[in-house]
Amino acid sequence: MSGPYIYNATSSKYNPFEVLGHPGRYTSVLTVKNTTVNFTGSNYGYGAVIVGESSAAGTISLSGGGSINIAHLTVGQIYELSPAKITVNAKTVYALKRQQ
């Protein structure tokens, strides 16, 4: 049967993002602060980072090899990277999950 398909907007199961899709490039954010996070398993799919505070120090290890010193990145700038692991001091770095 062809559409239109009507979804019950009052249903407790109704979620327009699941039904229609996410409109933006990124679907969620993970805050990394004073820890190390590996981007495998349930953390797979993150494809960008933002340094949230000045004086952030640590490294971003990339999925294809190599690493980037966080102190050399500009605060507030989105960097399209494929992190395998982020290690950061007491400052904040945001990892953004890309829409597939």
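A: Buried residues make up 24% of the protein's 100 residues; buried means under 20% relative accessible area, exposed over 50%, partly exposed in between (1.4 Å probe, protein chains only).

Q: What kind of model is this?
A: This is a predicted model: local features need pLDDT of at least 70, side-chain atom pairs count only at pLDDT 80 or more, and totals for chains, interfaces and linings use all residues. Residues are numbered from 1 along each chain as its sequence is written, and side-chain values use heavy atoms, with hydrogens and water left out.

Q: How many helices and strands does the protein have?
A: One helix and six strands. Helices (H or I, at least four residues) and strands (E, at least two) are DSSP runs, numbered from the N terminus. The pattern along the sequence is α-β-β-β-β-β-β.

Q: Where does Ser61 lie?
A: In strand 3, residues 58–62.

Q: Is Ser61 buried or exposed?
A: Ser61 is buried, at a relative accessible area of 18%.

Q: Which residues is Ser61 in contact with, leaving aside neighbours within four places in sequence?
A: Gly66, Ser67, Ser82, Pro83, Ala84 and Lys85. Contact means heavy atoms within 4.5 Å.

Q: Strand 6 next. In what sense do strand 3 and strand 6 pair?
A: Antiparallel, over five bridges. Two strands pair if DSSP finds at least two bridges between them. Gly58 stands opposite Val88 in strand 6.

Q: And over how many bridges do strand 3 and strand 4 pair?
A: Three, also in the antiparallel sense. Thr59 has Asn69 as its bridge partner in strand 4.

Q: What do strand 3 and strand 4 form?
A: A hairpin, with four residues between them. Gly65 in the turn has a positive phi of about 115 degrees.
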